[in-house]
Amino acid sequence: MDRSRKANRDGNEVTLQHQSSLDAARVQEMVEEKLTQLLASIETLKQTPAGDDELQRRTKAFGKCNRLDEEATTKFYDRLRHWLDRPIPQTKLPLHPPRQNAP
């Protein structure tokens, strides 16, 4: 077994995973832009009755999703995206009440 091949492969992997400061800044800008768009879409959702109901159900099921102190933009974006994409568990009440038969 040639140990130098594994060492070179590990070294190359570390090199490939490295981000330059310029790349990291671009990624950060993209995440901030996506977060701004997501927050704007939530605000427009609040203005419709169906959207407001949806947000209230999510708040009731999962709690509020506010940005924590000193939380990174990427972490908050991921948490907010998960909060919005997560399916709301079905309540015990039926979605539509049973029909009443008229005598």
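This is a predicted model: local features need pLDDT of at least 70, side-chain atom pairs count only at pLDDT 80 or more; totals for chains, interfaces and linings use all residues.
**View 1. Helix α2 and its buried residues.** Helix α2 runs over residues 21–46, and at 1.5 Å a residue its 26 residues should span 38 Å, which agrees with the 37 Å that separates its end C-alpha atoms. Among the residues of this helix, V31, L35, L38 and I42 are buried. An α-helix has 3.6 residues a turn, so residues three or four places apart point the same way.

View 2. T59 belongs to helix α3, which covers residues 49–62. A polar atom of the T59 side chain lies 2.9 Å from the backbone oxygen of L55. Leaving aside residues up to four places away in sequence, T59 touches K64 and W83. T59 and W83 are 24 residues apart along the chain, and their C-alpha atoms are separated by 9.2 Å.

**View 3. The second largest pocket.** This pocket has a volume of about 320 Å³. It is lined by 13 residues, of which I42, K46, T59, N66 and W83 are the closest to its centre. Helices α2, α3 and α4 each contribute at least two residues to the lining of the second largest pocket. By type, the lining residues of this pocket divide into 6 nonpolar, 3 polar and 4 charged.

Note on methods:
Residues are numbered from 1 along each chain as its sequence is written. Side-chain values use heavy atoms; hydrogens and water are left out. Helices (H or I, at least four residues) and strands (E, at least two) are DSSP runs, numbered from the N terminus. Contact means heavy atoms within 4.5 Å. A polar contact is a pair of N or O atoms within 3.5 Å; within protein, one must be able to donate a hydrogen and the other to accept it, and residues adjacent in sequence count only if both atoms are side-chain atoms. The expected span of a helix is 1.5 Å times one less than its number of residues. Buried means under 20% relative accessible area, exposed over 50%, partly exposed in between (1.4 Å probe, protein chains only). On a 1 Å grid over the protein atoms alone, a cavity is a set of points where a 1.4 Å probe fits but cannot get out, and a pocket is an open set with protein on both sides within 12 Å along at least five of seven lines; lining residues have an atom within 4 Å of a point. Grid points are joined across faces, edges and corners, and a volume is the space filled by probe spheres set on the points. Ala, Val, Leu, Ile, Met, Phe, Trp, Tyr, Cys and Pro count as nonpolar, Asp, Glu, Lys and Arg as charged, and the others, Gly among them, as polar.
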